[in-house]
Amino acid sequence: MNPLALLGDYTIQTVAIGAALLGAVGGVLGTFAVLRRQSLLGDTLSHAALPGICLGYLWAGARQLESLLAGAFLTGALAAVTVLVIVGRSRLKTDAALGVVLSVFFAVGVVLLTRIQQTGGAGQAGLSSFLFGQAAAMLRGDVVVMGSLAGAALLLVTAFWKEFKLVTFDRDFAAAAGLPVAALDLALTVMIALAIVVGLQLVGVVLMTAMIVAPAVAARQWTHRLEATVLLAAGFGIVAGVSGAVTSAAAAGLATGPVIVLAISAIVLVSLLLAPGRGIVWTALAARAERRRLRGRQVLLTLYRLAKEHHDPAYPAEKGTLDAYHGTETAGVLGRLEAEGLVRPVSHPPEPTPHWKLTSKGRERAEDLASSGEERR
Amino acid sequence: MTGWREPVRSPEEPALHEPGLALHVEDLTVSYGGAPVLWDIDLDIPKGVMAAIVGPNGAGKSTLIKSVLGLVRPVAGHVRIFGLRYREARRRVGYVPQRSSVDWDFPVTALDVVMMGLYGRLGWFRRPGRRARAEAMAALAQVGMEDYASRQISQLSGGQQQRVFIARALVQQADIYFLDEPMAGVDATTERAIVAILHRLRDAGKTVVVVHHDLQTVRSYFDWLVLLNVRIIAQGAVPETYTAENLRRAYGGQIALLDQQEAPLVEPVPEPEPKPTDPHHLEAGQS
Ligand SMILES: Nc1ncnc2c1ncn2[C@@H]1O[C@H](COP(=O)(O)OP(=O)(O)OP(=O)(O)O)[C@@H](O)[C@H]1O
Ligand SMILES: [Mg+2]
């Protein structure tokens, strides 16, 4: 289907705007969550939203987004507090406490959901879509709710940017400088919960954490400034959110969460592999280039030393000698040095074997290396 | 302009308590839930000295600094800086935390980190501008790191990271500095550079309090010594406090460590050292 035609569709527009909001807010707050090592907290908060959604439905008696999200936010907050209490009062570590709370709240949510579906009712059909998200279920009014939540969160982050930055990087220094760190911690946690609430309808409770963690992880690969990381994460979130949600809305019946998560996972994969400076492929290539450079220097210096020992600047060294000296085949290195104009192959009759000597440029380079003390042996 | 947490003082409260001292700690006891890690600490550090806090691992050195800075809530006791509560003296305090306390893979540059030292003075809602930048660059230059301003901090060596942390404290333009193991894991050249910076601060009348690990250098770097092992073992000017007996009491049963220290302690003494067994001398450092 033609993507432009798709964007003309009213439902698809709604979905695209909602997904863009989710991507932006998830990317921005996710960056803070990941840098604060709170990725797991996002998972717990989103799973703990399920009982809240069900309670919100029971309370409103209909599938009304505001009450569903309010319920989600409340049980999410309850879960977060429970984790804090468990960590404070028991010997359980944070990750274990998060895991326990996640399971308990999610189990309660599934039980409630099953109950509601059994009793039936006009609006309950939409509820199970909160498990994996359903773009097609979104209404224009929902976008307004999502937009206000996302807008509030982004406004707060902008207003307290340097405070959030400092408290995330160095909590002790922030506290010593007079920052109310506990309040800032709370604000960030609440906003992460808000971001999750924003995404519930589209992505669902099960996979929502990916929208928090993945954009930040991908963005971190490409830059070493917090400002750029946050913006890039928002950008990745928007791209993945819109492409995933639109695909899912166009192909009716596809749960939105998994499609969006596949999209953001592709971005993460590319970033982990290719990002300059940190990507796996990039690092491997850089390491290989560095190894080659080092080997080249060593061979150059060996030629230089041999020439010196023989008091002949143009001394032709037998390739076998070089191989033996370096304990490896040097043909590749010599070829690269030749391409740089540093060495030249020569024949040295009567010996039939290949010989190499330094060019004058190569001699200068070797003298530089030797005097700058960069030779390593 | 309004800074974070502007001090509020109630009028009936006595304003100053031991104003002649840079740091005054009274009856301080700290516990993380179990047995106290600091027990009944009474501590005075005069203005304008370079003081070392020395003691074995787990002695509570970092905890002492953290409770002075209000980062750890004590079970009992109180702290005064220039006679003021910490909150009131905050603007006059610079802090260099233990290097391992932050994630050095955090996406910020060296300059970003140094500018964080200015946030407190900027207060809410104001962003660091060109002047803040210039100040931060000047501090980086002071520690010889101006060429690394735009480096991501994970691409700095341990010694360079430490100097960035010190630059961040320098822009705080404090009157008293607390440094937690600034010399840990740096090479001899960097250590000399750091000590030179700290001596310059002291010579400018600032008070410098350093958690220090290397007993060998106490006498050449510092003029005030606090020996700590949960309790205060001894405190005072270095010549009187740095004695074999005091060190033995601070380091307790750690014989191996003492044996290592024994040689340099006795041998390269320039002047006649008071005998460590001299009973008068034993108490010299005690408050
Ligand atoms: N956050 C904490 N929670 C529980 N116990 C702690 C905490 N921080 C420190 N401790 C304990 O308090 C004691 C003192 O720790 P502290 O870090 O102050 O020692 P230190 O003298 O700085 O040691 P080091 O030389 O190893 O840095 C130690 O026994 C330590 O295990
Ligand atoms: Mg310590």
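Is D40(B) buried, partly exposed or exposed? D40(B) counts as partly exposed, because its relative accessibility is 41%; buried means under 20% relative accessible area, exposed over 50%, and partly exposed in between (1.4 Å probe, protein chains only).

This is a predicted model, in which local features need pLDDT of at least 70 and side-chain atom pairs count only at pLDDT 80 or more, while totals for chains, interfaces and linings use all residues. Residues are numbered from 1 along each chain as its sequence is written, chains are lettered from A in the order in which they are written, and side-chain values use heavy atoms, without hydrogens and water.

**Backbone features**

D40(B) belongs to strand β2 (residues 36–46) of chain B; strands (E, at least two residues) and helices (H or I, at least four) are DSSP runs numbered from the N terminus. Most residues other than glycine have a negative phi, and most peptide bonds are trans.

| Residue | Phi | Relative accessible area |
|---|---|---|
| D40(B) | near 50° | 41% |
| V230(B) | near 65° | 25% |

V230(B) sits in the loop between β8 (224–229) and β9 (231–237) of chain B. In chain A, P349(A) and P350(A) are joined by a cis peptide bond with omega of about 10°. P350(A) is placed in the loop between β2 (343–348) and β3 (351–358) of chain A.

**Surface patches of chain A**

Patches consist of residues with over 30% relative accessible area and no salt bridge, like charges being joined within 9 Å and nonpolar side chains within 5 Å. A salt bridge is a side-chain nitrogen of Lys or Arg within 4 Å of a carboxyl oxygen of Asp or Glu.

R288(A), R291(A), R292(A), R295(A) and R336(A) make up a positive patch. Helix α14 (residues 280–309) of chain A contributes the most to this patch, with four residues. R295(A) is located in α14 and is partly exposed, at 32% relative accessible area.

A nonpolar patch, whose members include W222(A), L232(A), L269(A) and L285(A), has about 840 Å² of accessible area together. Two or more of its residues come from each of α13 (256–274) and α14 of chain A, and α13(A) supplies the largest share, five residues. W222(A) lies in helix α11 (residues 208–222) of chain A and is partly exposed at 36% relative accessibility.

**A buried polar contact**

S248(A), in helix α12 (residues 226–250) of chain A, is buried at 1% relative accessibility. The side chains of S248(A) and T256(A) form a polar contact of 2.9 Å, a term for a pair of N or O atoms within 3.5 Å, one able to donate a hydrogen and the other to accept it.

Terms used: Accessible areas come from the Shrake-Rupley method with a 1.4 Å probe; for residues, only the protein chains shown count as cover. Lys and Arg count as positive and Asp and Glu as negative; His and the chain ends are not counted. The place of a charge is taken as NZ of Lys, CZ of Arg, CG of Asp or CD of Glu.
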